[in-house]
Amino acid sequence: MTESLLYLALAAYFGATALWLAFFLAQWEPLCRFGAWVMAGGLACHTLALIQRTWAYGYLPVAVFGGALLLFDWVLVAAFLLLNWRYPIKVLGALVAPLAALMIYGAIVLPQGQASAVSPLLKGFWLTAHIGLTLAGYAALTLNFLSGIFYLVQERQLKAKQFGFFYRRLPSLQQLDTLNYWCLTIGFPLLTGGMITGSLYAQHTLGHFWSWDPKEILTLLAWLIYAVLLHERLAVGWRGRRASLLAILGFLVLVVTFVGANLWMTGYHSFAKFVQP
Amino acid sequence: MNLLLVGVNHQTASVELREKLACLMPDLQQAYQNLKDAPELAEIMLCCTCNRVELLAVAPEMAPAEARLRAFLSEAPEIPPAALNTSLYVHQGPEAVRHLFRVAASLDSMVLGEPQILGQIKEAYRQATGHRATGPILNRLLHKTFSVAKRVRTETGIGDHAVSVSYAAVGLARKIFGELAGMTVLLVGAGEMAELALEHLQTQKVGRIIVANRTLERGLRLAERYRGEAVSLEELEAQLLQADILLSSTGSESYLLRREQVRAVMRRRKQRSLFLIDIAVPRDLDPAINELDNVYLYNIDDLQEVVEQNWQARRQEAARAERLVAAETVKFQDWLQTLEVYPTIIALKDKAAVICAGELKKTLGQLGPVSEEQRQALEVLLNSVTQKLLHDPIIFLKREHSMKKRPQQELDLVRRLFNLDQERQTAETEEESAQ
């Protein structure tokens, strides 16, 4: 049941990818509107799958990487659709839709399912808040990263005075920079909230706020990068190219945090440790 | 009935000839009266713009109609027939349709993709309908033309790329700032091109306009014209703090602004983007300024390069538009051909009716007295037999006609099969024998 719902969501995200890419090429308005609806349909299936799995397991299914990816993907698509509704930068869909499709594909392929015995530590409101806030922060910062890439592409063309394929198709620098800033101002507090709830929860269950876990260290590093970025933007008026470059750097650290720290480094955040031996 | 288009445009005729031909047109009342009553022409429309003079007609026979239109154009005494003959183009049938579509879609314009021509054709059509000179074919053709032109404009990017330096500057500004509403423009010095760009920017509802000039008096006059404020050139750096777009075209021999100056200004502006347009030769702004973050400096050569790239883009889009026009021409031609079928269908039905009436009369004579009911039964019998017999040929004509490439053959076949041209032929032979 969950499987078939996920496959439906996957198909919808691939369909949305095709539509958004077609919009990017042909610049025909109805395509992107249709793409957003297809994506929303995919999100509905995705939501149902998550609800069903949570119901079946009795907890948020994030104990294995595939599950965590699935949840992150859900937050990203939801955030994008929200953004698309309030502040439409249409070309962004051409990057978000394939990313969403790839992640759901990864979630299906990667080992998942119910871990045989999940540590009781992984249940409870504070943990759900920790995971939810962190993933929402990741999603906003992913959009921040994508808009940063678009900004760099567009800025390069305007500076070099060579107008290629992307020039007409990308929005103005101002719009991209505003989007970049917006996503940062939303993503940074969410990430901060995720870190605070996480450390409170750690204090509550493990007895200490901070335990030098690789994921904690890397997240702190990313947080510092984003803090610097936000400060420079607000105080010095950083914008454009430098802000985009720093946003991309921050995102790369986040990716290492999310993927690398969970899979290759040992610490209590890694998925292997979620399951009690 | 077929379509005929004769005319001259900027490519075939000199401006002198176009002027003289256009002189025929001011008295449209007279011109329409003259052509509408001509027996050679069924429908007519005149279209006259500064780049073209064209006559579009629907006529039963091509040759006399063409002669009539040529005669109309050479009526003006000062038009030399030789010049007219070399510059006049004549398009018939699908070629005329295609030509009209191309003109309306601005594929035949001097400035490829310019938007005015469609409005001019709409006006010409309005005039023609006002003089009751159009009929079913031209009405349908013109409405199709408008929709084709609109499709070309929306589905291809033929009008999307700025092809003048001042428009190119506005396009770049929009790519940097998005909306230009509320932006502050600083005009340094005055020049034709800078002022043109300023006017284009004003149509985008920019906010403040500041004019900096070496002589304050001239600056004041300019500022008054554009409803801005005048400042002296010494304040340039201070004014740059507020400006978003700077248009520079002074006659200064040295750079007005150098990299270090702009760098300092950018820090004080908190890095808000700055778009500098340097139209002056020699240049007013140090080219190294472009290396600064969030500053975009374009000089006249850069803008011209943009325009050249846009021309290429328009030409590429024009190729797509041509394909669209070709497809629509075929569609219209199909419709036109279904029209050709109707006379044959009517002739078929007429012939059947005549035969029925004749045979009925003969039979009634032989039968002697019959009741009214019996007579009606006979009529119904004849009618249903002929209707059923003609049903298939008519369907064949209608259907085959809209699909075949050379429908005239089918039409001829049916006409010969049913000997529909008998009357005309006998009339012709009688005429010949009389001679």
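Buried residues account for 45% of the 277 residues of chain A, in what is a predicted model. Chain A holds 9 helices and 0 strands, whereas chain B contains an open sheet of 6 strands with parallel pairing and an open sheet of 4 strands with antiparallel pairing.

- Read from the N terminus on, the elements of chain A follow the pattern α-α-α-α-α-α-α-α-α, in keeping with a count of 9 helices and 0 strands.
- Of the contacts in chain A between residues at least 6 apart in sequence, 80% join residues that are at least 24 apart.
- The contact between the chains draws 14 residues from chain A and 15 residues from chain B; on the side of chain A that touches chain B, the elements giving two or more residues are α5 (125-160), α7 (173-205) and α9 (240-263) of chain A.
- By residue class, that side of chain A is made up of 4 nonpolar, 5 polar and 5 charged residues.

**The parallel sheet of chain B**

- The strands of the open 6-stranded sheet of chain B are arranged in the order β7-β6-β5-β8-β9-β10, with parallel pairing; β7 (229-232) and β10 (295-299) of chain B are its edge strands, each of which pairs on one side only.
- Neighbouring strands of this sheet are turned against each other by 20° on average, with direction ignored.
- Strand β9 (residues 274-278) of chain B pairs with β10(B) in the parallel sense over 5 bridges, and within this pairing Phe275(B) has Tyr296(B) of β10(B) as its bridge partner.
- Is β9(B) mostly covered or mostly uncovered? β9(B) is mostly covered, since 5 of its 5 residues are buried, and this holds for both of its faces, with Leu274(B), Leu276(B) and Asp278(B) buried on one side and Phe275(B) and Ile277(B) buried on the other.
- In a regular strand the side chains alternate between the two faces of the sheet.
- Helix α8 (residues 165-177) of chain B lies across β8 (245-248), β9 and β10 of chain B, and runs at about 165° to β9(B).

**The antiparallel sheet of chain B**

- The open 4-stranded sheet of chain B has the strand order β2-β3-β1-β4 with antiparallel pairing; its edge strands, β2 (43-49) and β4 (89-92) of chain B, each pair on one side only.
- From one strand to the next, the twist in this sheet averages 15°.
- Strand β1 (residues 2-9) and strand β3 (residues 52-59) of chain B run antiparallel and are joined by 8 bridges; here Gly7(B) stands opposite Glu54(B) of β3(B).
- Helix α3 (residues 62-73) of chain B lies across β1, β3 and β4 of chain B, at about 30° to β1(B).

**Helices α8 and α13 of chain B**

- The axes of α8(B) and helix α13 (residues 300-367) of chain B come within 9 Å and cross at roughly 90°, and α8(B) and α13(B) are therefore roughly perpendicular to each other.
- On the α8(B) side the contact is made by Val165(B), Ala168(B), Ala169(B) and Leu172(B), and on the α13(B) side by Leu303(B), Gln304(B), Val306(B), Val307(B) and Asn310(B).
- The residues of this contact divide into 7 nonpolar and 2 polar, with no charged residue.

**Pro287 in the loop between β9 and β10 of chain B**

- Pro287(B) is located in the loop between β9 and β10 of chain B, and it counts as partly exposed because it has 13 C-beta neighbours inside 10 Å.
- Although Pro287(B) and Arg259(B) are 28 residues apart in sequence, their C-alpha atoms are 8.0 Å apart in space.

How values were computed
Residues numbered from 1 in each chain as written. Chains lettered and ligands numbered in written order. Predicted model: local features only at pLDDT ≥ 70, side-chain atom pairs only at ≥ 80, totals over all residues. Pairing = 2+ DSSP bridges. Axes fitted to C-alpha atoms, helices over the stretch in contact; angles between N-to-C directions. Contact = placed C-beta atoms within 7 Å. Buried ≥ 20, exposed ≤ 12 C-beta atoms within 10 Å, placed from the backbone. Nonpolar A, V, L, I, M, F, W, Y, C, P; charged D, E, K, R; others polar. Parallel < 35°, antiparallel > 145°, perpendicular 65-115°, else oblique.
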